[in-house]
Amino acid sequence: MPRTLSAAVLALALFSAPAAAQPGEGADASRRTIAVSGESEIRVQPDEVVLTLGVETFHESLQAAKSDNDARVAAVIRAARARGVPEQRVKTDYFVAEPRYEGNTRDEYRVLGYLVRKSVVVTLGDMAAFEPLLADALTAGATHIHGVDFRSTRLRAHRDSARVLAVNAAREKAQALAGQLGQRLGEPLTIREGFNGWASGYGAGWGGRAGAMANAVQNSADGGGGAPAEGTTSPGQISVRASVSVVFELVPMRAAAAPPRP
């Protein structure tokens with residue numbers, strides 16, 4: 001066969017060959033689906049609080065600034081221990097010492113003194129002792145409150161529960177939507193987990209908490225630290241949230257069930 005003719009035959013064969021199946025094509029491409037999301041929120045009482053305090057001192061002498069800072073930090077630690085906090089739950093977490101300068105007309109800098117900063121992290125399991133401990137720490141020499149983080153020691157269990165609620169919410173939503181269109185749900189084809197986390201009502205700003213849209217909201221029966229004593233700060237609740245996205249197959253209501261195999 002001449003070379004030009006064989007090349008033409010090869011080109012015709014290539015253009016005539018069926019295209020390779022792409023992902024999602026074929027039998028699966030004919031499936032009708034519905035995609036929904038489910039969100040849930042579980043509100044639980046905290047049973048633990050992590051208090052991050054800062055101690056800042058300043059002096060013309062670096063040694064004097066550091067000695068003052070060390071004394072204040074030691075006093076804060078003693079205050080925490082006096083409230084029954086175990087030694088392993090009181091930690092120093094941050095330290096920095098830096099000079100402070102003053103500029104003059106000759107663009108030269110003169111050292112005014114030295115700033116020393118150190119932070120103390122206290123993990124408290126007694127919710128009723130939170131406010132008294134905070135007052136004691138400030139009296140002992142803490143100069144900053146860097147964070148108040150209310151937590152639950154059963155957070156993993158609450159996350160699992162929130163995820164189950166989110167999946168159930170997605171299924172219920174899909175069933176309602178499909179029913180309105182004369183359809184029913186088939187098998188779930190894909191499932192993707194979205195946000196899964198928690199937020200405390202105490203923290204940034206003046207105690208404000210961000211709202212959340214959820215299909216399922218549940219108050220946990222686990223009371224955690226229990227009710228606060230009269231006159232103390234109420235820690236509120238922790239919001240444990242989860243979301244999922246699910247794709248279900250749609251099946252017509254009139255579709256008869258497949259006969260059992262012999």
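Biologist: In this predicted model, which residues does Gln 183 touch, not counting residues up to four places away in sequence?

Modeller: Gln 183 touches Arg 32, Ala 178, Leu 250, Val 251, Pro 252 and Met 253. Gln 183 itself is found in strand β6, residues 183-200.

Biologist: Why does Gln 183 count as buried?

Modeller: Its relative accessibility is 13%. Buried means under 20%. Therefore Gln 183 counts as buried.

Biologist: What makes the link between the side chains of Gln 183 and Arg 32 a polar contact?

Modeller: The distance is 3.0 Å. The cut-off for a pair of N or O atoms is within 3.5 Å. The pair is listed as a polar contact.

Biologist: Now the helices. Why are α2 and α3 called roughly antiparallel?

Modeller: The axes of α2 (residues 62-82) and α3 (residues 130-140) cross at roughly 160 degrees. Angles over 145 count as roughly antiparallel. So α2 and α3 are roughly antiparallel to each other. Their axes come within 8 Å, and the crossing is right-handed.

Biologist: Which residues make the contact?

Modeller: From α2 come Arg 72, Ala 75, Val 76, Ala 79 and Ala 80. From α3 come Leu 133, Asp 136, Ala 137 and Ala 140. They divide into seven nonpolar, no polar and two charged.

Note on methods
Residues are numbered from 1 along each chain as its sequence is written. This is a predicted model: local features need pLDDT of at least 70, side-chain atom pairs count only at pLDDT 80 or more; totals for chains, interfaces and linings use all residues. Side-chain values use heavy atoms; hydrogens and water are left out. Axes are lines fitted to C-alpha atoms, for helices over the stretch in contact, and angles run from 0 to 180 degrees between N-to-C directions. Helices (H or I, at least four residues) and strands (E, at least two) are DSSP runs, numbered from the N terminus. Angles under 35 degrees count as roughly parallel, over 145 as roughly antiparallel, 65 to 115 as roughly perpendicular and the rest as oblique. A crossing is left-handed if the near helix is turned anticlockwise from the far one by less than a right angle, and right-handed if clockwise. Contact means heavy atoms within 4.5 Å. Ala, Val, Leu, Ile, Met, Phe, Trp, Tyr, Cys and Pro count as nonpolar, Asp, Glu, Lys and Arg as charged, and the others, Gly among them, as polar. Buried means under 20% relative accessible area, exposed over 50%, partly exposed in between (1.4 Å probe, protein chains only). A polar contact is a pair of N or O atoms within 3.5 Å; within protein, one must be able to donate a hydrogen and the other to accept it, and residues adjacent in sequence count only if both atoms are side-chain atoms.
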